[in-house]
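Thanks for coming, everyone. I'll keep this short. Have a look at the structure, and then I'll walk you through it.

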Amino acid sequence: MGKEECKTMLDALNKVTACYRHLVIALGSTSDSQNLREELKRTRKKAQELAVANRTKLTSLLKDKSISKEDRAEYERLWVLFSSSMELLEVDMKRSLEIGQDFPLKVPTRHLIQTGMTGSTSTVAARAMSVQNMKYEADSNIDTADLKDLQSEITQVSQMMEEMEMKVQVAPWAVVAKQEAGAELKSNLSVGNSSVGVISICEEEPKDDEGEGSRGGGSGSVGAVIGFLLIVAVALVLGYLVINMS
Amino acid sequence: MTINTMAKGGWQREQMICFRKVGLCNHVLCLFTQIIAAPTPKEHPARCETNSKEERESGTCDVALFSDYLLISLLLTFHLHSFVCFLNNCVFHKQMEKMIVAMQDPDMGMKLRNQRLLITVIPHAMTGHDVIMWLIHKYSVCEEEALHLGGMLVKYGYIYPLKEPRSLVLQPDESPYRFQTPYFWTSSRWPASELDYAIYLAKKNIRKQGELMEYEKERYSLLHKKINHTWDFVVMQAREQLRASKQRRKADRIVLECQEQAYWLINRPPPGVQNMLDVGLERQNNFNLRGTLNSDFYKNEIDVCRRALGRNRVKSSICLEGFLKYSEQYQNHDPIMQGCLPSNPWISDDTAHWTMNTEMVPVPTRLRVERWSFSFMELLNDAMGRREFMLYLEKEFSAENLCFWQACEEIRHGESSKIVEKVEEVYKNFLAPGAARWVNIDSKTMDKTLEGIKQPHRFVLDDAQMHIYFLMKKDSYPRYLKSDLYKNMLAKAIVPQETKKSVFPFMRRQRHSSPSPAQAVAQATEEDGRNKGAG
């Protein structure tokens, strides 16, 4: 069915957008490298392919006049998802151009910012490209050569978005989201606290205070119980001795 | 060169420091933009009485050659430097970014250490003390200034604290800091969008299992209402971003979270914290969005700068002398400084002062008549003065001058639709050869005016009006002041009596508002008198 296909494609686009943003955040920092630039390039191209595929699919679905109202509402919702994704992608592409220009890799006087991130981003890119391992095969001047491609791709994306707005008559504000507030908490995927855990140094103070408070209360009551038991034990021993003595 | 660097809309202290430290071309840039931005004195032809024309002509000839060279070189430095500042990005952000990049130098840069958390070790941490020492060393500034500079770096998010993330100050001790990644640098080109903030809050919600802070919860529900149409996307994207970050190793994940948190603490500060990105009235306008920097653009710029250089400027010493003379002359005429006679209507509710000074009274006050002798403009601005002057001119048979001047004023300030007919009338009455009240204008001005009348507009009679104005001012006005007519007027003018204070103290009518600057002046003069008497 058209809807299911659309949804899977949108999910894929969503995933690639998230990974692309993650990679752009690492630009200019110490996790930046040849590999990162190549990953950015490939992720970007994949994102564009997905975008074009999504757009054709969705426009054809929306142009169809013979669909029911619920279907149309659903497609409009998917359309809004698609255009938000494209917005993020466009902004990230422009930013990666700016940062890429500011931080060329081969210039010795231009240092990368030491942000504390030193690991590689290849797993993120692998996730974006849906492969097991990334293979790197780019030239050594990818950081400058890629920028021209990037510029033309940005113009392509902007044009595509303009066309989208002009041609497709969807009022974004009229769309009602399916998820209510706090829906993300109901996820059954374990993206919970496992990422940070106890070592959260950069957490806010109130949470630390709360934790400390409850811990303090608990230890107080445990101490009281232990004290009580101790007294009872001592009393029993003394009683036994008294009885034995007499 | 009269440059006021502390002028309103001029340079903030931080900009001053940054400019001082980053080379000569910036200093020149600073001066140069001051030249362009200096306010011009209003040059209203009939009212301005400075020798603007003479000054302008003598000044510009020899400056022209040198100024072209200067202009071109300055323009190039200006534009090379500000090319990146084009799209509304504040200059000092670029300065701070440069500073941050300089700190990364492996030899001369910041000394970094490792941050040890329980199990993980994260590199690239520095203490506040290190930051200050580096700034002192690199820019040869004193500690106070280094503290200020470092504080700004933290305030604008280029460095974030690790121990107390909400306290965006630079502690000059062992508290750890880290650099922010370029993606999260504060930039007005990429303002943080609501969608991004919503995604961040959703991610935090997931990570903390719903334990957001109060203000975050409020903002979350607000955003849910505001961008409800993309809420599905927000949830999807938040989940995907978390999954993506799980692919990295633990140390990097921690750094990522700290970075993001620091970014949002600056771009969406908690309530009660000042918003660093709010520049208020000094926000630059986006008028000249990216234009192509071709030769036409530069030619335009050179023209603008050349005209700016040629503008008439008065030295502040002369300006201030003039101002001082004006203040002395008008001291006695100022109701706040000297008090009003008979009494201040705002305090005593007695409107005698106003009724005595209306436009047309049978007998004017003495102060008013005295003011007519201060300048010709004072006389002309006062309706009674103009009437008296007209009477005098009629005696001298040169009343047509004043009539002509008044007619020109009416054209300048009157309705647009009536301009054509008014100009016709003026021509008929005053300018046509053989007219009833022909005014004496020199032939050059007369030719120019007659030419201009063919296409009448509001200011077509300006030159003629100015000529007549100066004629009256130089010729008739001094004679008027010496004439009997004026002296009689002065003698006839009344000096209103100060209203007597009544017997009861709380019914006293005050001359001065309280506390009145006049009383301060009076006290000062009393003290002077006493000192002089004693000494």
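**Two chains and what lies between them**

Let me start with chain B, and with its surface. The accessible surface of chain B is about 30400 Å², and carbon and sulfur atoms hold 56% of that. Keep in mind that this is a predicted model.

Now the make-up of chain B. There are 24 helices and four strands. The chain has 535 residues, and 42% of them are buried. What about contacts along the sequence? Take the contacts in chain B with a separation of 6 or more: 66% of them join residues 24 or more positions apart.

On to chain A. How many helices and how many strands does chain A have? Six helices and zero strands. Read along the sequence, that gives α-α-α-α-α-α. Chain A has 246 residues, with 44% of them buried. Its accessible surface is about 13100 Å², and 58% of that comes from carbon and sulfur atoms. Run the contact count again for chain A, with a separation of 6 or more. Here 83% of the contacts are between residues 24 or more positions apart.

Next, the interface. On chain B, 74 residues are in contact with 74 residues of chain A. The size of an interface is often given as the accessible area lost when the parts come together. For chain B and chain A, the buried area is about 6800 Å². Carbon and sulfur atoms give 59% of it.

What about charges? The rule finds three salt bridges across this interface. One example is B:D196 with A:R21, where the closest N and O atoms are 2.9 Å apart.

Stay at the interface for one more residue. A:E87 sits in helix 3 of chain A. Leaving out residues up to four places away in sequence, A:E87 touches A:M161 in its own chain and B:L195 across in chain B. A:E87 and A:S158 are 71 residues apart along the chain, yet 9.3 Å apart in space, C-alpha to C-alpha.

Now the inside. The largest nonpolar core has 113 residues. Which ones have the most contacts inside it? They are A:F82, A:M86, B:L135 and B:W231. Helix 3 of chain A, residues 69-102, gives the most to this core, with eleven residues. In chain B, domain 1 (72-179) and domain 2 (190-274) both contribute residues, so the core lies between them.

Take A:F82 from that list. Neighbours within four places in sequence aside, its contacts are A:L10, A:L13, A:A51, A:N54, A:R55, A:L58 and A:M164.

Last stop, a glutamate in chain B. B:E97 is in helix 4, residues 91-103. Why do we call B:E97 buried? Because its relative accessible area is 11%, and the cut-off is under 20%. Which residues does B:E97 contact, leaving aside neighbours within four places in sequence? B:Y158, B:W185 and B:T186.

Technical notes:
Residues numbered from 1 in each chain as written. Chains lettered and ligands numbered in written order. Predicted model: local features only at pLDDT ≥ 70, side-chain atom pairs only at ≥ 80, totals over all residues. Heavy atoms only, no water. Core = buried A, V, L, I, M, F, W, Y, C linked by side-chain atoms within 4.5 Å. Buried < 20%, exposed > 50% of the residue type's maximum accessible area, 1.4 Å probe, protein only. Helix = DSSP H or I, 4+ residues; strand = E, 2+ residues; numbered from the N terminus. Domains from an automatic or database assignment. Contact = heavy atoms within 4.5 Å. Areas by Shrake-Rupley, 256 points an atom, 1.4 Å probe, with all protein chains shown as cover. Buried area = accessible area lost by both parts, 1.4 Å probe. Salt bridge = Lys/Arg side-chain N within 4 Å of Asp/Glu carboxyl O.
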